Amino acid sequence: MKKRIVKFLKFIVNFYNTWYGVINLIFGFLLLSYVKNTFLLVSLVGVTAFNVYTWYKNVFKNFGTKKDLFATYKENNSLAVLGGIGSGKSTLANFLLITFTPASKRYYNTKNDGYKAFTNKHLLLKLKLEEDAGVLVDEAGAQADAYHYDKKDSVTRKRIDFLNKFFRQWYGDKAHLIYVDQAQGNMNVSLYRNTYYVIQCKGVDKKPSSIILYLIAKFILFFVNRKREKGQKINNPFTNVSIEFMEFVKLGEYADHYNITIEDKNHKKLVGSIYKFFGGINTYVFKEFNPAKEDKKPYVWGTSARKDKKIMEDNFSLNEMKEDIKDTFLKT
């Protein structure tokens, strides 16, 4: 019962954040005949006008983006979502996945409680996926190393290549395979060899929906979040998330370049309620699997000239470079 109530409340908030401009306009007109105080009347008109303007600018103008993105996503069963750190790539990929794939058929290669695990056995065609499965492979280049080009890895690349090539035929029109990474170059060539639809994320931003409700919620959450542990903060529900991105279609063979026109006017913005974007996946899942040891006594630069030099040489393989240069001169 509790889960149903929470789900219903999230639905109401999502619906409100999508149509808050229209809802505020209707509500404002209804209150006009009841408000007699001049100051309150002017304030009501001002707040209503501001909300309608921000809704038109941030939400309404980007309705077409969602429609086009969804249509293209449906047509491309295998795609890549790329972008720098914090650009919203994992968030956007998960948004697409949860929009079109039921929870019971979602596969993640990262730890997400309650969902199915996508493993190397699936990637290498040793285990089958479900019909109409939705797969999100985050940090794809880390699971399938981009720098393996030895002859012994040719079978591995061929198997991944076949997964992409026949993914639609094997798992149906509603199945989707999404590769996520910071750059195409990080991914093994077999991951994107038959991936012709690419989304490049530029950045993610948060914008308030209805300003009054946002400020009230912010005031309440100020006290609530102070009592919670770091990393467990509650997001302001009256917030919309905006992800800026560009779409590319690959031409010809995998070695060809994307058809790219880098102009700001070609960037698109996908805007939606914060629960829709941040309510379904932990994008910091790697934190608990960090293999590095704690540095209890971090070294401070300048403490020792010898240590400074050693760190610099190790960080940038300067000793190896000296050897390479020496060998080159000897050969010439």
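Helix α10 bends by about 25 degrees at I220, and this predicted model also contains a helix, α1, with a bend of about 80 degrees at W19. The protein as a whole has 13 helices and 8 strands, and buried residues make up 36% of its 332 residues.

- The buried residues of α10 are Y214, A217, L221 and N225; an α-helix has 3.6 residues a turn, so residues three or four places apart point the same way.
- Helix α1, which runs through residues 2-32, has 31 residues, yet its end C-alpha atoms are only 38 Å apart, whereas a straight helix would reach 45 Å at 1.5 Å a residue.
- The bend in α1 is about 80 degrees and is located at W19, while the buried residues of this helix include V13, N14, Y16 and N17 as well as Y20, G21, N24 and G28.

**Nonpolar cores**

- The largest nonpolar core holds 23 residues, and among these L69, V81, L92, I178 and I199 touch the most other members.
- At least two residues of this core are supplied by each of the helices α3 (63-75), α4 (89-100) and α11 (274-278), and likewise by each of the strands β1 (78-83), β5 (176-181), β6 (197-208) and β7 (239-249).
- Helix α4 provides the largest share of this core, with 5 residues.
- When neighbours within four places in sequence are left aside, L69 is in contact with L92, L96, Y197, I199, F245, E247 and L270.

**A93 in helix α4**

- A93 is found in helix α4 and counts as buried because its relative accessibility is 0%, which falls under the 20% cut-off.
- Beyond its neighbours within four places in sequence, A93 is in contact with V81, L136, I178 and V180.
- A93 and Y179 are 86 residues apart in sequence, but their C-alpha atoms are 8.4 Å apart in space.

**Contacts, surface and aromatic rings**

- Of the contacts in the protein with a separation of 6 or more, 75% are between residues 24 or more positions apart.
- The accessible surface of the protein comes to about 21,500 Å², and carbon and sulfur atoms account for 59% of that area.
- The model contains 17 aromatic pairs, and one aromatic cluster is formed by W19, W55, Y56, F60 and F63, where W19 is also the residue at which α1 bends.

- L125 lies in the loop between α5 (120-123) and β4 (134-137), and its phi is near 60 degrees, a positive value in a residue other than glycine.
- With a relative accessibility of 26%, L125 counts as partly exposed, because this value lies between the 20% and 50% cut-offs.
- E139 is found in the loop between β4 and α6 (140-143), and its phi, near 45 degrees, is likewise a positive value in a residue other than glycine.
- E139 has a relative accessibility of 24% and therefore counts as partly exposed.

Conventions
Residues are numbered from 1 along each chain as its sequence is written. This is a predicted model: local features need pLDDT of at least 70, side-chain atom pairs count only at pLDDT 80 or more; totals for chains, interfaces and linings use all residues. Side-chain values use heavy atoms; hydrogens and water are left out. A nonpolar core is a set of buried Ala, Val, Leu, Ile, Met, Phe, Trp, Tyr and Cys residues joined through side-chain atoms within 4.5 Å. Buried means under 20% relative accessible area, exposed over 50%, partly exposed in between (1.4 Å probe, protein chains only). Helices (H or I, at least four residues) and strands (E, at least two) are DSSP runs, numbered from the N terminus. Contact means heavy atoms within 4.5 Å. Accessible areas come from the Shrake-Rupley method with a 1.4 Å probe; for residues, only the protein chains shown count as cover. Rings of Phe, Tyr and Trp (its six-membered ring) pair if their centres lie within 6.5 Å; planes under 30 degrees apart count as stacked, over 60 as edge-to-face and the rest as tilted. The bend at a residue is the angle between axes fitted to the seven residues ending there and the seven starting there. The expected span of a helix is 1.5 Å times one less than its number of residues.
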